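Hi,

Here is the structure I promised to pass on to you. Have a look at it first, and then read on for what I found in it.

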Amino acid sequence: MKVAIFPGCIAATEQYACELSTREVLRELGVEVVEVPGFSCCGWPLQNVGTVGWVYLAARNMALAAEKGVPLITLCNVCNRMFYEAKFLLTTNSELREKISSLLKEEGRGPLDGVEILHPLELFHDRIGVEEIKKRIKKPLKGLKLAAHTGCQAIRPRKLRSIDDPEYPKKLPSLIEALGAQSPHYPEALDCCGAYLFYTRKDASLTLAGEKVEAVQNWGFDGLVTVCSSGHRMLDGRQDAAATTIGKALNLPVVYYTQLLGLAMGLAPEKLGLQLNRSPVKNLLEKIG
């Protein structure tokens, strides 16, 4: 199997462990990563500026991947949604489609169609498969209870795509349990990480992140597992700021699923970028042994 990785701006400039751990586990699973030079912003920052601008950026990235003929894996839930939203508009708005096609032709890009967008949950759960992952485990994570954070942008709006059940997502818990850990449902599983509000309502954003981490902590989980660089940055990288905002002590390890999978496959923590996490992942590593 071959795939291309669209890191998005957060993984490419800050959340290096996200792409690092993804590449390491894909290599171990025998999935070849095809490099695609020339990727740009997914278009999200321009969404409130003008439709042509952001759809052009999303369509250009999809055209670059289409030229390689491989599925495009997104490391950020927002990027994933933007690509699906652009695809929807290009399918339903002929005037916009003609405009974007014309712009892409000016730089010799195309076609507009043909690229398959995959979320990491679709890649690991639906394509590689839970049973195949179980076969690759060398160090089962027995005795750990880990909370799953799928992230709202991955499962909403439901009309765009159906990565998982938008009311009761099951794929990430299933993938965690494939590693030998427990991942029971918890009431705050669908609660927002706060990322979308960070640039306009910072206190509200950090309050959402802090309350989410606090809830997971109070339910007695050993850690929180993410699949999105944007959400991970809130729950891991900004955990201290969130604790200050809500006035509570937060001390919860937060890891990417790819980091957890890599550990269970016997990879060294440094190869998975765990030294780059800001939350107390050493507490989790000590339990894994």
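Where is the place of Pro157? Pro157 sits in the loop between helix H7 (152-155) and helix H8 (171-177). Please keep in mind as you read that this is a predicted model. In that model, the peptide bond leading from Arg156 to Pro157 is cis, with omega near -10°.

If you set aside residues up to four places away in sequence, Pro7 touches Ala12, Glu19, Phe39 and Leu75. As for distance along the chain, Leu57 is 50 residues from Pro7, and the C-alpha atoms of the two are separated by 15 Å.

Now to the strands. There is an open sheet of four strands, in the order E2-E1-E3-E4, with parallel pairing. Strand E2 (32-33) and strand E4 (117-118) are at its edges; each has a single partner strand, so one side of each lacks a neighbour in the sheet. E4 is joined to strand E3 (residues 72-74) by two bridges, and the two run parallel. Within this pair, Ile73 has Leu118 of E4 as its bridge partner.

Strand E5 (residues 146-149) is worth a look as well. Leu146 and Ala148 point one way from E5, while Ala147 and His149 point the other way, and all are buried. Four bridges connect E5 with strand E6 (residues 223-226), and these strands also run parallel. His149 has its bridge partner in E6, namely Thr226.

Thr226 turns up again in the surroundings of His232. The side chains of Thr226 and His232 are joined by a polar contact of 2.9 Å. His232 belongs to helix H10 (residues 229-237), and because its relative accessibility is 1%, His232 counts as buried. Leaving aside neighbours within four places in sequence, the residues in contact with His232 are Gln15, Thr226, Gly237, Val254, Val255, Tyr256, Gln259 and Asn277.

On to the helices. How do helix H4 (residues 77-92) and helix H5 (residues 94-106) pack, and at what angle? The angle is about 110°, and the axes are 5 Å apart. H4 and H5 are therefore roughly perpendicular to each other. On the H4 side the contact is made by Leu89, Leu90 and Thr92, and on the H5 side by Ser94, Leu96, Arg97 and Ile100.

Finally, the cysteines. A disulfide is a covalent bond between the sulfur atoms of two cysteines. The structure holds zero disulfides. Cys193 is in no disulfide either: the nearest cysteine sulfur belongs to Cys192 and is 5.0 Å away. Cys76 is buried, with a relative accessible area of 6%, and Cys193 counts as buried at 9% relative accessibility.

Best wishes

Note on methods
Residues numbered from 1 in each chain as written. Predicted model: local features only at pLDDT ≥ 70, side-chain atom pairs only at ≥ 80, totals over all residues. Heavy atoms only, no water. Buried < 20%, exposed > 50% of the residue type's maximum accessible area, 1.4 Å probe, protein only. Polar contact = N/O pair within 3.5 Å; in protein donor to acceptor, adjacent residues only side chain to side chain. Contact = heavy atoms within 4.5 Å. Disulfide = S-S within 2.5 Å. Pairing = 2+ DSSP bridges. Axes fitted to C-alpha atoms, helices over the stretch in contact; angles between N-to-C directions. Parallel < 35°, antiparallel > 145°, perpendicular 65-115°, else oblique.
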